[in-house]
Amino acid sequence: MAITELTLYQQAILLLAGLIALTSFLMLGQSRLVRLVMVFALQGCLLAAATALAASVLDYPHLYVSAALSLLLKGLVIPILLQRLIHRMGLHRVMDTIDHPARVMMAGTALVVFSYYVSLPVVRHSTLVTLNAIAVSLAVVLLGMLLMITRRQAVAHVVGFMSIENGLFFAAVVATYGMPMVVELGVAFDVLVAAVVFGVFFFQIRSSIDSLNVDQLSKLTEADQ
């Protein structure tokens, strides 16, 4: 099916899916934690826009609640908490550099191609929107894992973890038209609690060893052993 044969809703969903995947790539290339959190907030806003669009076109009122929660938590509350955490710990000027940035971006591209290759047999008889929703969701999950693997700062690992949840949520909204309201409220509450708990742990770790570098934490573990 050609892109011109799709409805405006389907074209808009495909556009938002591409932008969400692009934000995952932008997070891979960010060396400053402040900018990383800002891109994560942009991804949350795009996710909220996709959810609101699905709610208006498909006439699923409960998705409006999901869109509001996504915008409030992932676009505002959690990024603001992370930004304050970064500034209070003095990490806003820290460069979280990558050893081989070109290789990391090539690996990210390979993961996107792999996501489409894996999703194609599963949705062979489904629509183009479903194919792209599942493929982009899987790509965002894998790119979030790659972000956690390649970064040294623990805050970046939290952003990668939240990005993984965004990918799963996008697939649930576009491909299956959302989860039951009780499940969505529970997931939103769990994500908020996880962000708060991560912040508390970061303060405790920083006060104990004066660093949130994962490499230094690994050295401490090896020394204890």
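**Reading the model**

Me: How far apart do the end C-alpha atoms of residues 63-82 lie?
Reply: This is a predicted model, in which local features need pLDDT of at least 70, side-chain atom pairs count only at pLDDT 80 or more, and totals for chains, interfaces and linings use all residues. Residues are numbered from 1 along each chain as its sequence is written, and side-chain values use heavy atoms, with hydrogens and water left out. The span 63-82 is 100% helix and 0% strand; helices (H or I, at least four residues) and strands (E, at least two) are DSSP runs, numbered from the N terminus. Its end C-alpha atoms are separated by 26 Å.

Me: What is the corresponding distance for residues 36-57?
Reply: This span too is given as 100% helix and 0% strand. From one end C-alpha atom of residues 36-57 to the other, the distance is 32 Å.

Me: Which feature does UniProt place at residues 36-57 and 63-82?
Reply: UniProt positions are given in the numbering used here, feature names are shortened, and annotations may be inferred rather than shown by experiment. In this unreviewed entry, the feature is placed at residues 12-29, 36-57, 63-82, 103-123, 129-149, 156-179 and 185-203. According to that record, its name is "transmembrane region".

Me: How many helices does the chain have?
Reply: From the N terminus on, the elements run α-α-α-α-α-α-α-α. The chain has zero strands, and its helices number eight.

Me: What percentage of the chain is buried?
Reply: A residue is buried at under 20% relative accessible area, exposed at over 50%, and partly exposed in between (1.4 Å probe, protein chains only). The chain has 225 residues, and the buried part comes to 46%.

Me: With which residues is Ile86 in contact?
Reply: Contact means heavy atoms within 4.5 Å. When neighbours within four places in sequence are left aside, the partners of Ile86 are Leu33, Val34, Val37, Leu91, His92 and Val155.

Me: Are H2 and H3 roughly parallel or roughly antiparallel?
Reply: Axes are lines fitted to C-alpha atoms, for helices over the stretch in contact, and angles run from 0 to 180 degrees between N-to-C directions. Angles under 35 degrees count as roughly parallel, over 145 as roughly antiparallel, 65 to 115 as roughly perpendicular and the rest as oblique. H2 and H3 pack at about 175 degrees, with axes 7 Å apart. Because of that angle, H2 and H3 are roughly antiparallel.

Me: Which residues of H6 make the contact with H1?
Reply: The axes of H1 and H6 come within 12 Å and cross at roughly 170 degrees, so these two helices are roughly antiparallel. H1 contributes Ile13, Ala17, Ile20, Ser24 and Met27. From H6 come Val159, Ser163, Phe170 and Val174.

**Single residues**

Me: Is Gln43 buried or exposed?
Reply: Gln43 lies in helix H2. Leaving aside neighbours within four places in sequence, Gln43 contacts Ile20, Thr23, Ser24, Met27, Val140, Ser163 and Asn166. Because its relative accessibility is 1%, Gln43 counts as buried.

Me: How far is Asp99 from Thr150 in space?
Reply: Asp99 is in the loop between H3 and H4, and its 57% relative accessibility makes Asp99 exposed. Asp99 and Thr150 are 51 residues apart in sequence. Their C-alpha to C-alpha distance is 8.4 Å.

Me: How far is Leu15 from Ala50 in space?
Reply: Leu15 belongs to helix H1 and, at 54% relative accessibility, counts as exposed. In sequence, Leu15 and Ala50 are 35 residues apart. In space, C-alpha to C-alpha, they are separated by 9.5 Å.
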